[in-house]
Amino acid sequence: MYKKYLYEDLVKIFDLHRKYLAGEEGGVRAELSGGDFYGTDFSNVNLAGANLEATSFKRSNIMGINLEGANLKAANMKRACFASANLKNANMEGTFLKGCNFDEADLRGTNLKGASVEDAYFGNAKYNNETIWPDGFDPVAAGAIWVEK
């Protein structure tokens with residue numbers, strides 16, 4: 001069962017996380033594991049390093065979101081839009097990504113081991129040698145672009 005969050009609670013969590021990222025007193029890393037964010041607009045939110053394990057972002061708009069180093073293990077992201085998202089070094093192991101849009105997303109160092117990527121779009125998504133893809137997945141055939149750094 002997923003946990004529901006009120007808008008007011010998310011605003012507080014995001015503010016504390018912003019302080020955490022800035023190294024300010026009272027900052028707290030965002031802990032949103034098990035949350036249900038179906039259809040939510042998280043576009044351009046900075047959740048770098050947040051714990052989002054086993055969350056549901058089904059049909060959510062997360063364009064431009066910063067999830068660098070975030071834990072998204074076993075999350076359900078079905079049909080979410082990750083266009084231009086920063087997913088560098090994110091843990092997406094075992095994540096359900098069916099029908100997701102990763103257009104121009106940054107996947108350098110991202111762990112996608114065991115992720116379900118059926119019908120996902122990876123056009124112009126950046127990846128590197130540290131990116132871990134699901135077994136048998138061909139990022140070049142999917143339109144992703146290898147970058148050195």
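Biologist: Contact means heavy atoms within 4.5 Å. With that settled, which residues does Asn128 touch, not counting residues up to four places away in sequence?

Modeller: Keep in mind that this is a predicted model. Asn128 touches Arg108, Gly109, Trp146, Val147 and Glu148, leaving aside residues up to four places away in sequence.

Biologist: Where does Asn128 sit?

Modeller: Asn128 is in the loop between strand S1 (126–127) and strand S2 (145–146).

Biologist: Is Asn128 buried or exposed?

Modeller: Buried. Its relative accessibility is 9%, and the cut-off for buried is under 20%.

Biologist: What does the side chain of Asn128 do with Gly109?

Modeller: A polar atom of the Asn128 side chain lies 3.1 Å from the backbone nitrogen of Gly109. Gly109 is also among the residues that Asn128 touches.

Biologist: What volume does the largest pocket have?

Modeller: About 190 Å³.

Biologist: Which residues line the largest pocket?

Modeller: The lining is made of Lys4, Tyr5, Tyr7, Leu10, Val11, Phe14, Asp36, Phe37, Tyr38, Thr40, Asp41 and Phe42.

Biologist: How many of those are nonpolar, polar and charged?

Modeller: The lining of the largest pocket has 8 nonpolar, 1 polar and 3 charged residues.

Biologist: Lys4 and Asp36 are both in that lining. What do their side chains do?

Modeller: They meet in a salt bridge, at 2.9 Å from N to O. That pair links distant parts of the chain. Asp36 is in the loop between helix H1 (7–22) and S1, Lys4 is in the segment before H1, and they are 32 residues apart.

Biologist: Which charges can pair up like that?

Modeller: Side chains of opposite charge can pair when their charged atoms come close.

Biologist: Is Asp36 buried or exposed? And Lys4, buried or exposed?

Modeller: Asp36 is buried, with a relative accessible area of 18%. Lys4 is exposed, at 62%.

Biologist: How many salt bridges turn up in the whole structure?

Modeller: The search finds 6.

Biologist: Pick another. What about Asp15 and Arg18?

Modeller: Their side chains meet in a salt bridge too, at 3.1 Å from N to O. Asp15 and Arg18 are 3 residues apart in helix H1, so about one helical turn separates them.

Biologist: How accessible are Asp15 and Arg18?

Modeller: Asp15 is partly exposed, at 33% relative accessibility. Arg18 is partly exposed as well, at 42%.

Biologist: What does Arg18 do with Glu24?

Modeller: The side chains of Arg18 and Glu24 meet in a salt bridge, at 3.6 Å from N to O. Glu24 is partly exposed, with a relative accessible area of 38%. Salt bridges that share partners join Asp15, Arg18, Lys19 and Glu24 into one network.

Biologist: What is phi of Ala54 near, then?

Modeller: Near 60°, which is a positive value in a residue other than glycine. Ala54 is in the loop between H1 and S1. Ala54 counts as partly exposed, at 31% relative accessibility.

Biologist: And phi of Ser84, what is that near?

Modeller: Phi of Ser84 is near 60°, a positive value again in a residue other than glycine. Ser84 lies in the loop between H1 and S1. At 43% relative accessibility, Ser84 counts as partly exposed.

Terms used:
Residues numbered from 1 in each chain as written. Predicted model: local features only at pLDDT ≥ 70, side-chain atom pairs only at ≥ 80, totals over all residues. Heavy atoms only, no water. Helix = DSSP H or I, 4+ residues; strand = E, 2+ residues; numbered from the N terminus. Buried < 20%, exposed > 50% of the residue type's maximum accessible area, 1.4 Å probe, protein only. Polar contact = N/O pair within 3.5 Å; in protein donor to acceptor, adjacent residues only side chain to side chain. 1 Å grid on protein atoms, 1.4 Å probe; cavity = no way out; pocket = protein on both sides within 12 Å on 5 of 7 lines; lining within 4 Å. Points joined across faces, edges and corners; volume = space filled by probe spheres on them. Nonpolar A, V, L, I, M, F, W, Y, C, P; charged D, E, K, R; others polar. Salt bridge = Lys/Arg side-chain N within 4 Å of Asp/Glu carboxyl O.
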